[in-house]
Amino acid sequence: MAGTRNLKADPPVGLLLEVTHRCPLHCIYCSNPLEMTRREQELDTATWLRVLDEAAEIGILQLHFSGGEPLLRPDLLEMVEHAGSLGMFTNLITSGVGLTQRTLDGLVAADLGSFQLSLQATDDAMTEFIADGPFLKKKLETAERVREAGLSLSINSVLHRINLHQAGDMIEMAAQMGAERIELANTQYYGWALLNRDGLMPTREQLEQAEEDVERARRKHSHLEVLWVIPDYFDDFPKPCMGGWGSHLLSITPNGTVQPCLAANVIPNLNLPNVTEHSLDWIWYDSPGFNAFRGHDWMQEPCRSCPMREQDHGGCRCQAFMLTGDATATDPTCIYSPHHDVIVNAREQAAAAPGTPAAAQADGRLVHRHIDGPPAASGDD
């Protein structure tokens with residue numbers, strides 16, 4: 001398809017491949033969309049391999065295999081091997097559940113760059129409550145096997161009001177696992193996390209205590225790289241979401257839809273392109289969806305004249321749409337946004353909510369992720 005080349009766009013650096021939405025875990029904070037791709041709708045192996053070829057051609061250096069649970073794809077090893085043969089760094093983002101010895105040996109042989117393991121909590125009961133299953137023991141076994149195999153291990157923990165008090169303990173557990181890095185990412189409210197926001201959002205006091213715990217543990221384990229990410233709702237200014245729309249990274253959903261960020265499909269009328277119809281080159285440089293929020297012309301005030309626009313790019317377009325109904329609005333997390341009261345009200349509502357996990361689940365404020373969607377919108381699998 002012909003188009004006008006956007007000469008201002010730099011080549012992308014990273015690509016996130018959501019190879020499946022299927023997952024044995026049903027985490028209450030999952031960022032996957034409420035309406036997920038079914039197995040029969042997933043791209044086949046040949047298409048994924050062609051996408052990897054195109055990714056290398058446009059200069060992508062880092063590949064992140066994700067999901068759902070990427071280990072559920074029987075062709076995962078073939079994809080990792082192919083990416084490695086193209087000279088790209090590969091990272092596997094996984095729950096670790098279902099890792100077989102054959103797959104682990106194959107990942108080692110394919111020179112997987114990093115094995116990123118999710119950690120929901122540091123005890124069995126909390127893990128089961130959050131992920132809807134007794135997965136902690138398996139995760140610890142997986143971490144041990146990964147380190148014994150010589151792979152680089154990193155830990156990813158999504159934090160919220162239910163497990164935030166364990167932030168310091170998670171660093172301790174990551175160190176015991178032999179991890180090189182742990183990312184403590186306070187929940188960003190997309191997908192299932194937005195659905196469960198009232199039951200997941202912490203109080204400011206919880207965040208401040210957790211930050212103290214993290215700093216204490218960080219000093220104790222200075223050899224461990226610790227990344228602490230606070231939620232947008234408690235910051236005065238928005239983060240530079242994805243480094244700016246269509247700036248550095250792109251993601252591909254299980255059915256081949258290509259997005260400038262993980263939640264872009266919530267914005268209507270973007271006409272997001274699909275790899276079954278277009279090349280990655282055209283998608284990155286020429287597609288209307290990727291050019292929609294590049295530059296500054298789309299910005300409203302106060303973003304348009306704000307000196308921070310080069311740093312935060314107006315914040316997250318998806319969050320702006322979800323909270324205001326207008327994707328061009330200033331991200332409401334910004335204190336200068338005319339919609340900032342939405343954020344203030346959300347914080348106040350969460351602070352007034354019952355604090356225990358049992359209370360949150362009992363009154364329906366927490367719904368576990370499910371391939372059929374939320375209970376009111378469930379359908380046939």
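The lining of the second largest pocket comprises 10 nonpolar, 11 polar and 5 charged residues (nonpolar: Ala, Val, Leu, Ile, Met, Phe, Trp, Tyr, Cys and Pro; charged: Asp, Glu, Lys and Arg; polar: the others, Gly among them). The model is predicted, with local features needing pLDDT of at least 70 and side-chain atom pairs pLDDT 80 or more, while totals for chains, interfaces and linings use all residues. Residues are numbered from 1 along each chain as its sequence is written, and side-chain values use heavy atoms, without hydrogens and water.

The lining of this pocket has 26 residues, with W245, S247, F293, R294 and G295 nearest its centre. A pocket is an open set of points, on a 1 Å grid over the protein atoms alone, where a 1.4 Å probe fits, with protein on both sides within 12 Å along at least five of seven lines; lining residues have an atom within 4 Å of a point. The space in the second largest pocket is about 480 Å³, a volume being the space filled by probe spheres set on the points, which are joined across faces, edges and corners.

Buried residues in α14 are I343, A346, R347 and A350 (buried: under 20% relative accessible area, exposed over 50%, partly exposed in between; 1.4 Å probe, protein chains only). These residues line one face of the helix, because they fall within an arc of 100° seen down its axis, the arc being that of the directions from the helix axis to the C-beta atoms.

E144 belongs to helix α5 (residues 136-148). E144 counts as partly exposed because its relative accessibility is 49%.

Notes. Helix = DSSP H or I, 4+ residues; strand = E, 2+ residues; numbered from the N terminus.
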